[in-house]
Amino acid sequence: NGAQLLIPAGFLHGFATIEANTEVAYKVSDFYSAAHDGSVLWNDPALGIDWGIDPAKAVLSDKDAKAVSFAEFSSPF
C-alpha cells in the first residue's frame with residue numbers, strides 16, 4: 001500500500017513478519033557503516049515487547065542471533 005515509517009538515525013528498530021514469504025524493503029540515509037551498526041536482543045525481558053510470535057519459531061539474522069541485552073548495549077551514536 002506504499003505506507004512508510006521514518007526511523008531517525010540512532011534509534012533502535014525491529015520488525016516481525018507473521019505471514020510466510022513476506023518481504024520487507026527499507027532504505028537508509030547513507031552507505032553502510034559497520035562502526036554504526038549494532039543489535040539488541042529482540043526478546044530482552046527488560047524491554048517488555050510482545051512481538052506476538054513464539055520465540056522458538058523466530059528466524060533471526062546472524063547479527064541478531066548474537067545481539068546483547070539492552071543493558072549491555074553501547075550506542076555508537
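The questions and answers below take up the fold, a salt bridge, selected residues, a surface patch and a pocket.

Modeller: This is a predicted model, in which local features need pLDDT of at least 70 and side-chain atom pairs count only at pLDDT 80 or more, while totals for chains, interfaces and linings use all residues. Residues are numbered from 1 along each chain as its sequence is written, and side-chain values use heavy atoms, with hydrogens and water left out.

Colleague: How many helices and strands are there in the protein?

Modeller: Helices (H or I, at least four residues) and strands (E, at least two) are taken as DSSP runs, numbered from the N terminus. The C-alpha trace spans about 35 × 30 × 20 Å along its principal axes. Within it there are one helix and zero strands.

Colleague: What share of the residues of the protein counts as buried?

Modeller: A residue is buried under 20% relative accessible area, exposed over 50% and partly exposed in between (1.4 Å probe, protein chains only). The protein has 77 residues, and the share of them that counts as buried is 8%.

Colleague: Which residues form the salt bridge with a distance of 2.8 Å, N to O?

Modeller: A salt bridge is a side-chain nitrogen of Lys or Arg within 4 Å of a carboxyl oxygen of Asp or Glu. A search of the whole structure finds one. The side chains that meet at 2.8 Å, N to O, are those of Lys63 and Asp37.

Colleague: Is Trp42 buried or exposed?

Modeller: Trp42 is placed in the segment before H1. Because its relative accessibility is 17%, Trp42 counts as buried.

Colleague: How far apart in space are Thr17 and Trp51, C-alpha to C-alpha?

Modeller: Thr17 is found in the segment before H1, and its relative accessibility of 39% makes it partly exposed. Thr17 and Trp51 are 34 residues apart in sequence, and their C-alpha to C-alpha distance is 9.6 Å.

Colleague: What is the value of phi near which Asn21 lies?

Modeller: Asn21 is in the segment before H1. With a relative accessible area of 78%, Asn21 is exposed. Its phi is positive, in a residue other than glycine, and lies near 60°.

Colleague: Which residues make the nonpolar surface patch of about 350 Å²?

Modeller: Patches are made of residues with over 30% relative accessible area and no salt bridge, like charges being joined within 9 Å and nonpolar side chains (Val, Leu, Ile, Met, Phe, Trp, Tyr) within 5 Å. Accessible areas come from the Shrake-Rupley method with a 1.4 Å probe, and for residues only the protein chains shown count as cover. Leu47, a member of the patch, lies in the segment before helix H1 (62-65) and counts as partly exposed because its relative accessibility is 33%. The patch of about 350 Å² is made by Leu12, Leu47, Ile49 and Phe70.

Colleague: How much space lies in the largest pocket?

Modeller: On a 1 Å grid over the protein atoms alone, a pocket is an open set of points where a 1.4 Å probe fits, with protein on both sides within 12 Å along at least five of seven lines. Grid points are joined across faces, edges and corners, and a volume is the space filled by probe spheres set on the points. For the largest pocket this space is about 2,300 Å³.

Colleague: Which residues that line the largest pocket are the closest to its centre?

Modeller: Lining residues have an atom within 4 Å of a point. The lining of the largest pocket numbers 48 residues, and the closest to the centre are Ile7, His13, Gly14, Phe15 and Tyr26.
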